[in-house]
Amino acid sequence: MDFDLSSEQSLLKETVDRWVADTYGTLAQIEASRKAPLGFSEAAWLQLADLGLLALPFSEADGGFGGGPTETLVAMEALGRGLVPEPYFASVVLGGAAIRLAASSDQRQRLIPSLIDGSLRLAFAHGERQARYDLADVATTARGIDGGFVLEGQKSVVLNADTAGMLVVSARTAGGQRDRAGISLFLVPTDASGVSLHSYGTHDGGRAADITLSGVHVPQDALLGTEDEAFAVISRIIAGAIAALSAEAVGIMEALNALTVDYLKTRKQFGVPIGTFQVLQHRAVDMLVALEQARSMELYAAMMAEAEDPVARDLAMSAAKVQINRSARFVAQQAVQLHGGIGMTMEYLGAHYFRRLTMIEMMFGDTPHHLRVVADAGGLA
Amino acid sequence: MDLSFTPEETAFREEVRTFFRTEIPAYIRAKVSEGRPLARQDYVTSQRILNTKGWAVPHWPLEHGGQPWTPIQRYIFTEELMQAAVPLPLQFNCYMIGPVIAAFGSSEQKRRFLPRIANLDDWWCQGFSEPGAGSDLASLKTRAVRDGDEYIVDGQKTWTTLGQYADWIFCLVRTDPDAKKQAGISFLLIDMKSPGITVRPIITIDGRHEVNEIFFDAVRVPVENLVGEENRGWDYAKFLLANERTGIARIGLSKERIARIKRLARTTSAGQGCMWDDMDFRSRVASVEIDLKALEITQMRVVAAQAKRSDGKPDPASSILKIRGSELQQATTELLLELAGPNALIGAASGDLRNDLNAEFDWVDAAAPTYFNTRKVSIYGGSNEIQHNVIAKAILGL
C-alpha cells in the first residue's frame with residue numbers, strides 16, 4: 001500500500017502544474033483561449049506536445065511516454081485546476097485510448113507520430129441521442145461493401161469534433177440496436193464526404209458537435225480493432241475516461257475549496273471575516289470531507305481503470321463515479337453559496353468551476369445511472 | 001502508487017481472519033453481529049483468548065506486550081476483528097488507560113496495572129465527562145484535595161460506559177481550583193471498591209443499561225495512584241483522546257453489518273419475493289457501500305501517512321474518519337431498521353415468542369435498539385460538531 005507518486009510521476013506533476021499555473025493561472029487567460037477561433041489556443045496545444053503530455057498514454061515502443069492511469073491522473077488534476085480549454089480529454093484520453101487499445105501496428109505507425117506532435121487531433125464519436133448512458137446502444141450502422149464500409153447514422157455530443165482531423169466512430173456491423181456484440185470502431189476523417197457537423201459551445205466553455213453520417217465511405221483499413229467486437233474496447237475507453245474525469249473533478253474541487261476558504265478569510269461582514277462564523281466553518285469542513293472522499297475514489301478509479309476483470313473494473317468505475325458526482329455537486333453548490341452574490345457571476349473563476357463540475361457529473365453516467373449499476377450487481381462486496 | 005496489500009500483508013490478514021473465526025466462540029460473535037448486549041464474561045472470555053495469543057494490546061509498546069506490527073498490519077488486524085464480529089478488546093483498558101500508563105505512569109504503576117489491564121483481570125472505566133462538562137471537558141468540577149498521603153475526591157462523573165462492571169476508574173479531577181481551566185487538572189486512578197463511591201445506572205434510549213453516573217463522596221485515593229505529575233492531567237487526557245479517535249471510523253463494523261443486511265434481505269419476505277428484490281432498498285444499500293469504500297480508502301491513506309510519520313502524532317484527518325465513520329455506522333442501522341419494517345416494533349422477544357419467531361425473523365427485535373444505540377457514535381469521542389471545529393482550525397486555518 002503506497003499512495004506516493006514515483007519520482008518520475010512527481011516530475012511530471014511539477015512540469016504540468018507549472019505549465020498550468022503559467023498558462024492558465026487567471027480567468028482572463030482561460031477566456032482568451034476560449035475566444036480563439038478554435039475554441040482553444042493552438043499555441044498552448046503545441047506546448048502540451050512539447051511537454052510530452054500528448055504522448056502520455058502511448059507505449060514507448062510507439063514513441064510515447066508509456067504512462068498509465070496514474071500519469072493521466074496527475075495530468076488531469078492539473079488541467080482541471082486550470083480549466084484548460086485545449087481538447088486533452090477528447091483527443092488524448094478518449095481518442096488516444098481507442099488508438100492505444102485497438103489500432104493495428106500499421107494504424108499506430110500512421111497516426112501516433114502526428115498525435116504526439118500535435119498535428120492530428122481525434123474525437124470519439126460514440127454517443128447517440130437515444131442511448132443516454134448505455135454504451136451498447138448504437139444505432140449508427142456500417143455496411144460492408146467491396147473494399148470497405150458505408151456508415152449511416154447520427155452521433156451526439158462529440159467532444160471537440162470540429163477541431164479534430166479524425167473521428168473514431170462506433171457503428172453497428174451486426175446485431176440489434178442495444179446488443180453488446182456487433183459493434184465496430186472506424187477511423188473517419190472529419191472532412192470525409194457525407195460527414196456533417198453541427199457544432200456548438202458546451203456549458204463548460206468547451207465545444208462539441210452532433211454529427212450526421214450519410215453514406216460515408218471508408219476503406220477496409222479504417223476498421224479499428226476487430227469487427228463486431230468493439231464493445232470491450234469501448235468499455236475500456238470509458239473506464240479510463242471516468243478515471244480521468246474523476247481526477248479532473250478532484251483537481252477542480254481542490255482549487256474551488258481553496259478559493260472558498262480564502263474568501264472566508266478575507267471577506268468581511270459585520271466587521272469580521274465571515275470565516276469566523278461557525279456555521280460557515282462547518283460548511284467548509286463538509287466540503288473538505290467531500291473532497292477527501294472523492295480523492296479516495298479518484299485513486300481507486302485509477303487503480304481499477306485497467307483491471308483485468310471487466311466486471312470488477314466496471315463496478316469500481318461506477319462506484320467511483322457515484323462518489324465523484326456527489327462530491328462534485330456538493331462542493332460546487334456550497335462554494336457558490338459561501339461566496340454569495342459574487343459566486344453567481346461569470347466574472348468569478350468559481351462559477352466556471354461550478355459549470356465544469358456540473359458537466360463532468362453529467363458525462364459518462366450520472367449518479368442515478370451508476371448507483372443503479374452497482375445495485376443491479378448486488379453491491380460492492 | 002499501489003493500493004493493494006503486499007503478499008506478507010495478505011498472509012497476515014488470512015492468519016488473523018482464521019484465528020478470529022476459529023478461536024473466538026461463535027456465540028459471542030453472534031451477539032456482536034446481532035447487536036445484542038454482551039455479558040461481562042463475554043468480554044473477558046474473548047479478550048483473554050486474544051491476550052493468550054499476544055493480540056489483546058498489539059499497539060502497546062513492545063516491552064508491555066505490544067507487537068512489532070506496522071500501522072498497516074494494525075489496520076488489517078482491527079478491520080478483520082470487526083468484520084469477524086469479535087468484540088473489540090475493552091476500549092477503556094486497551095486503548096485508553098493502558099497506553100496512558102505505558103507512556104506516563106510510574107514504573108510501579110506499569111508493573112502493577114499493565115498486565116492486568118491487558119488480560120482484563122481489572123475492568124476499567126472512564127471518569128471524564130460530568131453533568132456540566134461534555135464537549136467543554138476542561139470545565140470539569142470534580143475536585144481532589146491533598147490530605148497527607150491521600151487525595152480526597154468529591155464530585156460526580158457521568159456517561160460512564162459499563163461502569164457497572166468496573167474494578168477501577170481513571171478520572172480527571174481538579175487539583176488546583178485557582179489555575180486556568182486545563183492547568184489545574186490531574187489524572188487519578190481510583191479503586192471502585194473505595195468507600196464513598198456510588199454507581200447509579202442510566203438507562204439509555206435503547207432501553208439498556210450501558211452507562212452510569214458515578215458519585216464520589218469524600219473518596220480517599222492514595223497519592224501513588226496519581227498518573228504523572230499533578231496538574232498535568234490535561235496533557236495525558238489529550239493523548240488518550242487522540243488514541244480514541246484513531247480507528248473510531250469502525251469501517252469493519254459497518255461492513256460486517258452491511259454484509260449481514262444483504263444476507264437477511266434475501267430471507268426477508270416482501271411482496272412476491274424478498275427485500276433484496278426491492279431495487280429501491282438495494283440501491284440504498286449500494287449507496288452506503290460506496291460511501292464506505294471511499295472511507296476505507298481514506299482510512300488507508302491516513303494509515304499510510306501515519307506509517308511514514310515519525311512523530312506518532314495523530315493526523316487531524318482522523319477527524320474526517322470520525323465524522324464519516326459515525327455517519328455511516330448510523331446509516332447501516334437505519335437500513336437494518338427499514339429491513340425489519342413493521343416487525344421492528346417487536347420488543348425484546350423472550351420465552352414463547354422467541355421460540356415462535358422462526359429463523360427468518362429472530363433478529364428483528366434487536367434492529368430498533370441497534371438503531372437507537374448507534375445515535376451515540378456521532379456524540380461520543382468528541383462530537384461530530386467538535387470534529388468540525390478541529391478540522392476548521394487545524395486543517396483549514398479558519
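Leaving aside neighbours within four places in sequence, Phe186(A) is in contact with Ala142(A), Phe149(A), Leu151(A), Val169(A), Ala171(A), Val218(A), Ala222(A), Leu223(A) and Leu224(A). These contacts come from a predicted model. Phe186(A) also belongs to the largest nonpolar core, where it is listed with Ala284(A) and Ala301(A) among the residues with the most contacts inside that core.

**Nonpolar cores**

- The largest nonpolar core comprises 187 residues, and the largest share of this core, 21 residues, is contributed by helix α7 of chain A, which covers residues 231-266.

**Positive phi angles in chain A**

- Most residues other than glycine have a negative phi.
- Val157(A), although it is not a glycine, has a positive phi of about 45 degrees, and its place is in strand β3 of chain A, which spans residues 148-159.
- Asn160(A), likewise a residue other than glycine, has a positive phi near 55 degrees, and this residue is placed in the loop between β3 and β4 (166-172) of chain A.

**Surroundings of these two residues**

- Because 18 other C-beta atoms lie within 10 Å of Val157(A), this residue is partly exposed.
- Asn160(A) has 28 C-beta neighbours inside 10 Å and therefore counts as buried, given that the cut-off for a buried residue is 20 or more.

Methods. Residues numbered from 1 in each chain as written. Chains lettered and ligands numbered in written order. Predicted model: local features only at pLDDT ≥ 70, side-chain atom pairs only at ≥ 80, totals over all residues. Core = buried A, V, L, I, M, F, W, Y, C linked by C-beta atoms within 7 Å. Buried ≥ 20, exposed ≤ 12 C-beta atoms within 10 Å, placed from the backbone. Helix = DSSP H or I, 4+ residues; strand = E, 2+ residues; numbered from the N terminus. Contact = placed C-beta atoms within 7 Å.
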